[in-house]
Amino acid sequence: MRELEVNGAPYRVDADDDTPLLWVLRDHLGLSGTKFACGIGECGACTIHLDGEAVRSCVVPLSAASGKQIRTIEAVAASEGARIADAWIAEQVPQCGYCQPGMIMAVSALLRRNARPSDAEIDAAVTNLCRCGTQPRIRRAIHRAARAGDGESG
């Protein structure tokens, strides 16, 4: 039995220590916003925050998450995710939308530690894959969200 803090709430989870955190979140806790895609930590659809850092939950075992603060898209969407989502819509980023929760989690972590990232810093920090090829729009949306965080308009 493991105790977890997810989105500020305590949970007790009965799962094997090597169970990927992705499956704990989705199957044990019912938090389905975190998506499964590649299963090997490459694409980023499963990105969450673990102690404030963006991590790929499909390769983080339950044992590594115990005692750490876990945030999922459900919590971020209700807070700083709104300005990111507004920027996403303004720049017409979403296509199929499957990668978006993980992408927004990666962007949220970036903007928390770097309020005005350069293109190079965005490219280094947001390595999530978008099969629809909207990376140029994503970069513009990140800049827009950064400006919105400063109180500037569009």
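**The pocket and selected residues**

Tutor: In this predicted model, the largest pocket is lined by A37, C43, A45, C96, Y98, C99, L129, C130, R131 and C132. Its volume is about 160 Å³.

Student: What makes a residue part of the lining of a pocket?

Tutor: A lining residue has an atom within 4 Å of a point of the pocket. R131 and Y98 are among the residues that line the largest pocket.

Student: How many residues of each class does the lining of the largest pocket have?

Tutor: The lining has nine nonpolar residues, no polar residues and one charged residue. Cys, Ala, Leu and Tyr count as nonpolar and Arg as charged, so R131 is the charged residue of the lining.

Student: How many aromatic pairs does the rule give?

Tutor: The count comes to one aromatic pair. The ring centres of W23 and F36 lie 5.1 Å apart, and the rule asks for centres within 6.5 Å, so these rings pair.

Student: Why is the pair of W23 and F36 called tilted?

Tutor: Planes under 30 degrees apart count as stacked and those over 60 as edge-to-face. The planes of W23 and F36 stand at 40 degrees, so the pair is tilted. The pair also links distant parts of the chain: W23 belongs to helix α1, F36 to the loop between α1 and β3, and the two are 13 residues apart.

Student: Why do W23 and F36 count as partly exposed?

Tutor: Partly exposed lies between buried, under 20%, and exposed, over 50%. W23 has a relative accessible area of 30% and F36 has 34%, so each is partly exposed.

Student: How do you know whether L4 is buried or exposed?

Tutor: The relative accessibility of L4 is 4%; buried means under 20%, and therefore L4 counts as buried. L4 lies in strand β1, residues 2-6. Beyond its neighbours within four places in sequence, L4 is in contact with residues including Y11, V24, L62 and I70.

Student: Is T47 buried or exposed, and what makes it so?

Tutor: T47, in strand β3, has a relative accessibility of 3%, so T47 counts as buried.

Student: What makes the pairing of the side chains of T47 and N128 a polar contact?

Tutor: The side chains of T47 and N128 are 3.2 Å apart at this contact, and the cut-off for the N or O atoms is 3.5 Å. A polar atom of the T47 side chain also lies 2.7 Å from the backbone oxygen of G44.

Methods
Residues numbered from 1 in each chain as written. Predicted model: local features only at pLDDT ≥ 70, side-chain atom pairs only at ≥ 80, totals over all residues. Heavy atoms only, no water. 1 Å grid on protein atoms, 1.4 Å probe; cavity = no way out; pocket = protein on both sides within 12 Å on 5 of 7 lines; lining within 4 Å. Points joined across faces, edges and corners; volume = space filled by probe spheres on them. Phe/Tyr/Trp six-rings, centres within 6.5 Å; stacked < 30°, edge-to-face > 60°. Helix = DSSP H or I, 4+ residues; strand = E, 2+ residues; numbered from the N terminus. Buried < 20%, exposed > 50% of the residue type's maximum accessible area, 1.4 Å probe, protein only. Contact = heavy atoms within 4.5 Å. Polar contact = N/O pair within 3.5 Å; in protein donor to acceptor, adjacent residues only side chain to side chain.
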